[in-house]
Amino acid sequence: MRVWIFFLICLAGTTLAAPTEEEPVVEEEPFVEEEPIVEEEPIVEEEPEVGANPVQVETGEFDEAIEIGEDFFPENPCLNHHCKKGKVCEVDDSNDPMCVCQDPLTCPAPVGEFEHICGTDNKTYESSCHFFATKCALEGTKKGHKLHLDYIGPCKFIAPCLNNELNEFPLRMRDWLKNVLVALFERDEENNLLTEKQKLRVKKIYENEKRLEAGEHSLDLLALDFEKNYNMYIYPVHWQFGQLDQHPIDGFLSHTELAPLRAPLIPMEHCTTSFFEHCDADKDKYIALEEWANCFGIKEQDVDNDLVI
């Protein structure tokens with residue numbers, strides 16, 4: 001009997017403990033300890049310095065070299081290497097510049113006859129490029145030593161210069177040199193054709209009321225003007241010598257230095273060659289300042305090296 005009573009009591013307890021409705025089972029998430037929240041400071045990007053590359057890195061940050069996709073071409077050493085006329089620059093096996101004779105076939109074709117020049121070998125060359133390339137190829141030979149630029153234009157017959165014509169030549173040359181300087185002075189405001197010292201000397205000639213104006217004048221008038229206004233001609237004669245004495249500046253005029261003056265004159269003044277040969281009094285192939293001044297009738301006491309500079 002006691003057993004049944006105990007059994008009933010246990011059954012009743014079990015019934016009371018059971019739920020009346022089935023409740024959904026909720027799975028609990030595993031507990032994770034939260035880290036304390038720390039407020040981050042705003043990131044401020046540093047601005048690159050003016051002119052700096054914003055993506056550049058400090059030197060040494062990478063040990064290995066960075067390959068650049070573009071090909072690297074070293075600067076041509078001939079760009080700043082000067083060669084005299086008749087020669088061109090080439091590089092040797094060590095990439096060093098050197099000057100070699102130019103092939104005349106590489107010279108540009110002349111535009112017209114005005115580019116032709118006549119050599120002292122009485123041969124017409126298509127242009128100065130062709131002439132100097134040919135002269136370079138003859139360097140070291142007797143023919144090359146004698147070959148010079150004679151005058152501008154095709155070779156033609158030049159009448160011989162008579163003695164009386166040779167005496168008249170300096171009259172026209174002196175007057176021409178004076179007028180060249182005056183013309184430079186008139187156009188020299190912004191062109192810097194003359195130095196300040198040169199301007200002061202030419203200004204005295206330019207403002208002189210007795211100056212004979214440029215134009216066609218008789219030989220008698222030119223001779224009279226030189227006698228009366230002798231001082232006006234001293235500086236132009238010295239100035240022209242200084243303009244020619246450039247390669248090198250040594251107080252002597254070589255055949256090459258005379259070329260810029262004589263080459264354009266010969267076709268117009270057939271006594272030009274004879275005049276310069278006459279100026280070389282000692283026949284040493286060079287014209288000194290004293291010889292030059294004497295050819296133009298400048299007195300020995302008026303020859304002044306300071307006027308050349």
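Two strands pair if DSSP finds at least two bridges between them. Helices (H or I, at least four residues) and strands (E, at least two) are DSSP runs, numbered from the N terminus. The model is predicted: local features need pLDDT of at least 70, side-chain atom pairs count only at pLDDT 80 or more, and totals for chains, interfaces and linings use all residues. Residues are numbered from 1 along each chain as its sequence is written, and side-chain values use heavy atoms, with hydrogens and water left out.

**View 1. An open sheet of 3 strands in the order S4-S3-S5.**
The pairing is antiparallel. Strand S4 (124-125) and strand S5 (149-152) stand at the edges with a single partner strand each, so one side of each has no neighbour in the sheet. Strand S3 (residues 117-119) is joined to S4 by 2 bridges. In this antiparallel pair, Cys118 lies opposite Thr124 of S4.

**View 2. Helix H5 (residues 196-206) and its buried residues.**
Gln198, Lys199, Val202 and Ile205 are buried (under 20% relative accessible area; exposed is over 50%, partly exposed in between; 1.4 Å probe, protein chains only). These residues lie on the same side of H5 because they cover an arc of only 115° around the axis; the arc is taken from the directions from the helix axis to the C-beta atoms. Glu196, Lys197, Leu200 and Lys204, on the other side of H5, are exposed. The cover over the buried residues includes helix H4 (163-186) and helix H7 (231-244), with contact meaning heavy atoms within 4.5 Å.

**View 3. Aromatic pairs around Phe226.**
Rings of Phe, Tyr and Trp (its six-membered ring) pair if their centres lie within 6.5 Å; planes under 30 degrees apart count as stacked, over 60 as edge-to-face and the rest as tilted. The count by this rule is 11 aromatic pairs. Phe226 and Tyr230 are edge-to-face, 5.6 Å centre to centre with 70° between the planes. Phe226 and Tyr233 have centres 5.5 Å apart and planes at 70°, so this pair is edge-to-face. Phe226 is buried at 14% relative accessible area. Tyr230 is buried at 12%, and Tyr233 at 2%.

**View 4. Charged ends over the rings of Phe226 and Tyr230.**
A charge sits over a ring if NZ of Lys or CZ of Arg is within 6 Å of the ring centre and within 35 degrees of the ring normal. The charged end of Arg174 is 3.4 Å from the centre of the Phe226 ring. For Lys299 over Tyr230, the distance is 5.0 Å.

**View 5. A cluster linked by ring pairs.**
Its members are Phe169, Phe241, Phe275, Phe276, Trp292 and Phe296.
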